[in-house]
Amino acid sequence: MAENNPTIFGSILRGEIPAERIHDDEHCIAFADIQPQAPVHLLVIPRQHIPSLKEAQPTDGALLGHLLLVAAKVAKDAGLQDWRTVINTGAEAGQTVFHLHVHVIGGRPLAWPPG
Ligand code: 5GP
């Protein structure tokens, strides 16, 4: 599934770039963000290459739900009681890696609205 994925997350899925996996199943993996924005900053990414939420299809519904459930699991496993899940979609919204991913951010008070 990671074969035709030219992004840095494709390289992580193929094992070409190291990332310590805190979760790994047939649909997704999770690992720590290399540039954490909070004491806990994790990323949950599908094995399937979907560039962003813009390209997600109705048939991806179960996968998208799974990503959110895994996000909640890794957040709890990291000891968080409260956290924020973020899916940046498109460059103007801050997306820099064009492989769909869910940020899990917590461990400090988080302001709203975000910048
Ligand atoms: P985006 O800005 O696309 O929503 O989020 C991409 C995230 O991927 C950023 O928070 C960035 O720090 C993280 N990231 C980029 N390259 C790597 C990498 O090689 N390893 C890890 N663990 N995180 C990365």
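Biologist: Which residue has a polar backbone atom 2.8 Å from an oxygen atom of the ligand?

Modeller: The model is predicted. Contacts here are pairs of N or O atoms within 3.5 Å. An oxygen atom of the ligand lies 2.8 Å from a polar atom of the backbone, and the residue that supplies this atom is Gly94.

Biologist: How much of the area that the ligand exposes when taken alone is buried by the protein?

Modeller: Taken alone, the ligand exposes 520 Å². Of that area, the share buried by the protein is 85%.

Biologist: Which residue has a side-chain N or O atom 2.5 Å from an oxygen atom of the ligand?

Modeller: A nitrogen atom of the ligand is 2.9 Å from a polar atom of Ala32, but that atom belongs to the backbone. The side-chain N or O atom at 2.5 Å from a ligand oxygen belongs to Asp33.

Biologist: What is the volume of the pocket whose space the ligand takes?

Modeller: The space taken by the ligand is the largest pocket. The volume of this largest pocket is about 770 Å³.

Biologist: How many charged residues are in the lining of the largest pocket?

Modeller: The lining consists of 32 residues, and Asp33, Gln37, His41, Asn88 and His103 are the closest to the centre of the pocket. Elements that each supply at least two lining residues are α1, β2, β3 (40-46), β4 (84-86) and β5 (102-106), with the largest share, three residues, from α1. By class, the lining divides into 18 nonpolar residues, ten polar residues and, as charged residues, four.

Notes. Residues are numbered from 1 along each chain as its sequence is written. This is a predicted model: local features need pLDDT of at least 70, side-chain atom pairs count only at pLDDT 80 or more; totals for chains, interfaces and linings use all residues. Side-chain values use heavy atoms; hydrogens and water are left out. A polar contact is a pair of N or O atoms within 3.5 Å; within protein, one must be able to donate a hydrogen and the other to accept it, and residues adjacent in sequence count only if both atoms are side-chain atoms. Accessible areas come from the Shrake-Rupley method with a 1.4 Å probe; for residues, only the protein chains shown count as cover. On a 1 Å grid over the protein atoms alone, a cavity is a set of points where a 1.4 Å probe fits but cannot get out, and a pocket is an open set with protein on both sides within 12 Å along at least five of seven lines; lining residues have an atom within 4 Å of a point. A molecule sits in a cavity or pocket if more than half of its atoms lie within 2 Å of its grid points. Grid points are joined across faces, edges and corners, and a volume is the space filled by probe spheres set on the points. Helices (H or I, at least four residues) and strands (E, at least two) are DSSP runs, numbered from the N terminus. Ala, Val, Leu, Ile, Met, Phe, Trp, Tyr, Cys and Pro count as nonpolar, Asp, Glu, Lys and Arg as charged, and the others, Gly among them, as polar.
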